[in-house]
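Hi everyone, thanks for making the time. I'd like to walk you through one model today, so please bring it up on your screens.

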Amino acid sequence: MLIVVGGLPASGKTTLSRLLAARIGAVHLRIDTIEQAVVRSGLAAHPVGPVGYVVGYALAEEHLRQGLTVVAESVNPLAVTRDAWRDAALRAGAEVVEVEVRCSDRAEHRRRVATRSVDVPGLPLPGWEEIVGREYEPWERARVVVDTAGQAPEESLAVLLTAVAAGRSRP
């Protein structure tokens, strides 16, 4: 199964993806990690463009073909990126669950942006204005929506585990 986790920076994607991967024994594939490795290689500078996503799709498909469950985490802001994750799962003959992580409490989201720390060395973290001003297309198909506002990470994980167990996305 491919579990695609997307959402704005500081919405709780990484925390939730790590918890989910650990709980179900999945591979956690994080685009930030891939992109920062590309930057460290000297081949590109931030922003790196589509390369991180393209590498992520290939790795996800390879892991899925090996029978592994993959949690693929990225902002995933465009329909084209969402389609590409789904296509990778389909080529590998795997189920896909799409997840949008949100933080509906604007003040809490802004506080998270201001107080988070870098966990990928060298990765530049976007500020609040950059986050709210970025291109982020609305989702137009069924997905699991997890609102992390006012919840402990374990509470958000419980919502997600229920949906993953069902093996389907919902609006």
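Predicted model: local features only at pLDDT ≥ 70, side-chain atom pairs only at ≥ 80, totals over all residues.

Residues are numbered from 1 along each chain as its sequence is written, and side-chain values use heavy atoms, with hydrogens and water left out. The labels H and E are DSSP runs numbered from the N terminus, helices (H or I) having at least four residues and strands (E) at least two.

Back to Asn76, then. Its phi is near 55°, a positive value in a residue other than glycine. As background, most residues other than glycine have a negative phi. Asn76 counts as buried because its relative accessibility is 0%; buried means under 20% relative accessible area, exposed over 50%, and partly exposed in between, with a 1.4 Å probe and protein chains only. Ala10 also has a positive phi, about 70°, although it is not a glycine. You'll find Ala10 in the loop between E1 and H1, and it is buried at a relative accessible area of 11%.

Now to the sheet. It is open, with five strands in the order E2-E3-E1-E4-E5 and parallel pairing; two strands pair if DSSP finds at least two bridges between them. E2 and E5 (144-147) stand at the edges with a single partner strand each, so one side of each has no neighbour in the sheet. On average, neighbouring strands are turned by 20° against each other, direction ignored. For angles, axes are lines fitted to C-alpha atoms, for helices over the stretch in contact, and angles run from 0 to 180 degrees between N-to-C directions. E1 and E4 pair in the parallel sense over five bridges, and Leu2 stands opposite Val96 in E4. Helix H1 (residues 13-24) lies across E1, E2, E3, E4 and E5, at about 175° to E3.

Next, H4, residues 79-91. What are the buried residues of H4? They are Thr81, Arg82, Ala84, Trp85, Ala88 and Ala89. These cover an arc of only 160° around the axis, which puts them on the same side of H4; the arc is that of the directions from the helix axis to the C-beta atoms. On the other side of H4, Val80 and Leu90 are exposed. The cover over the buried residues includes helix H2 (31-41), helix H3 (51-65) and strand E4 (96-102).

The whole structure has three aromatic pairs. Here rings of Phe, Tyr and Trp (its six-membered ring) pair if their centres lie within 6.5 Å, and planes under 30 degrees apart count as stacked, over 60 as edge-to-face and the rest as tilted. Tyr53 and Tyr57 have ring centres 6.2 Å apart and planes at 55°, so that pair is tilted. Both lie in helix H3, four residues apart, about one turn of the helix. Tyr57 and Trp85 form an edge-to-face pair, 4.7 Å centre to centre with 85° between the planes. That pair links distant parts of the chain, Tyr57 in helix H3 and Trp85 in helix H4, 28 residues apart. Together, Tyr53, Tyr57 and Trp85 form one aromatic cluster.

Definitions and conventions:
Contact = heavy atoms within 4.5 Å.
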